[in-house]
Amino acid sequence: MSLNQQSSTKKDLNYWIKTGQKMVADRQRRIERTKKWKFDTIATHGLYDLTQALQLNSGSIMEPVYMSTAQAYENSYHMEAGLSYQMPNWCYSRIANPSTYFLEETAALLEAYGTDLASSCVATASGMSAIRTATEPFLIKDDSLPPINIVTSAKVYGGTFQQFSVRRGQEQGIDVRWVTNPTNMDEWASKIDAGTRFVYGEFPSNPSVDIFDIKAVAELAHINGIPLIVDSTCASPALTRPLAFGADVVVQSATKVMAASGTTIVGLLIARHNIISKVGSDEMKADFATWAKFWPFRDNGPGLHAMGAIMTLNDIRTLRPRIAQMSRTALTVSKFLEAHPKVDRVFYPGLTSYPAYDLAKKYMRLVDSDENHYGYMLMVEIKEARDDENTNTRKFYDGLDMIWRATDLGRVKTVACMNAISTHQQQGEDGRTLASIRPNAVRIAVGVEHPDDIIADLEQGLLKI
Ligand SMILES: *Cc1c(COP(=O)(O)O)cnc(C)c1O
């Protein structure tokens, strides 16, 4: 008998199931302990503690990057228990990975922070795959229901607009109903009927910085027996946590401010336990994110690399202080731009001129403080001679010196984007009108540079007009 096999012979299926139960209880203890901490502490430590460090990682104080495709099993019963989901195991990195696990546990706790909700998370290879993983399970065939439709804010990210209108709408024949004014509750209500499978909104929307009343839309969805799914990438859990206001599922393009260093594309799907839905199994509704991870995510394969998981986790630790600084700077920059003679309009939830300012005040608050903060993203429209022109806008945009021209946001470095010619170019004139993207619009995602230097660059850019 080899050294490796000696201890394994008595370890039958029952042994591994019992071991699994201990592992589950141990994880639950860690969760209870971590849940008592404040936001910054959870973001910094998550579930990784000394015991885990000694057991898994030679005592390292930072979480390990498991660069391995697969897990080895002690014996056949260990494998059997793991593969039948009778004990926690990670098996194969498309399905799970211990590094990704630490990111998922932290994200689940941060999105449910300040509530007694139980929540779970599955990390994906991109924000787009998180959106797909979050929405597709609600579109399953059910002959007892009328033809499928979905009700979504029209003020959504360009990729989301394409995923819904082309992939779900044109290719799969699903009726996609756009809500053009997401602050109008009557419009949401008028679009929902017995065929609606979910309601979807972005808070705030990229790039038009629109918001909606999360609590009211969640209530409306639940009266109709369907879930509310919210993409809160541009707020992040440091400002707005939709689960606390009744949302069932949250998606994050953690690519943005959560992984602000800009090294990684990463998505997160976080769901409360016991979501509302007309379709799907009891298991799916009980713990949607874990169910999604066990089944469709496993089969579709949009897994995140372990390296990306740990790089994201490293940035999440400083999310709250970063959001605070970025928000302060974004407000200063917004006020500067609003007062500038070459500027037509500025959209930023922290400006009193913002159409839904009262709603923004209600929903956008720096966690663990009583300060209102409004995030890193603003949209400025440059004065043009005609509505369909972008001559001055291009002069300003091309004149930027320090600020990067890129289709990116949430970075530690300030980035500016002309959306009509880039991110929202594919959806055409009608799609842009729906999403309120004008040719003279420039989205500015404020970074952590000193505000004086950001403003100086914008000012010299505006002088080029
Ligand atoms: C960028 C973005 C996405 C897509 O995320 P990726 O990580 O690029 O796939 C989705 N929603 C919003 C609001 C975004 O800004």
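D368 sits in the loop between α16 (357-363) and β9 (377-382); helices (H or I, at least four residues) and strands (E, at least two) are DSSP runs, numbered from the N terminus. The model is a predicted one, so to speak of local features takes pLDDT of at least 70 and side-chain atom pairs count only at pLDDT 80 or more, while totals for chains, interfaces and linings use all residues. Residues are numbered from 1 along each chain as its sequence is written, and side-chain values use heavy atoms, with hydrogens and water left out.

Back to D368: its phi is near 60°, a positive value in a residue other than glycine. At 38% relative accessibility, D368 counts as partly exposed (buried is under 20% relative accessible area, exposed over 50%, partly exposed in between, with a 1.4 Å probe and protein chains only). N274, in the loop between β7 and α11, also has a positive phi near 60°, but N274 is exposed, with a relative accessible area of 58%.

The loop between β7 (267-272) and α11 (282-286) holds S277 too. S277 is buried, at 10% relative accessibility, and its side chain reaches the backbone oxygen of V279 at 2.7 Å. That is a polar contact (a pair of N or O atoms within 3.5 Å; within protein, one must be able to donate a hydrogen and the other to accept it, and residues adjacent in sequence count only if both atoms are side-chain atoms). Leaving aside residues up to four places away in sequence, S277 touches F138, G225, P227, M284 and K285, where contact means heavy atoms within 4.5 Å.

Turning to the ligand, 13 residues surround it, and the closest are G127, N206, D231, T255 and K256 (near means that a heavy atom of the residue lies within 4 Å). Ligand oxygen atoms lie 2.8 Å from a polar backbone atom of G127, 2.9 Å from a polar side-chain atom of S253 and 2.6 Å from one of T255. N206 is joined to P207 by a cis peptide bond, with omega about 5°. Another cis bond links F203 and P204, omega about -20°.

G127 is also one of the buried residues of α7. Seven of the nine residues of this helix (127-135) are buried, so α7 is largely enclosed by the rest of the structure. At the start of α7, a side-chain oxygen of S126 comes within 3.4 Å of the backbone nitrogen of M128.
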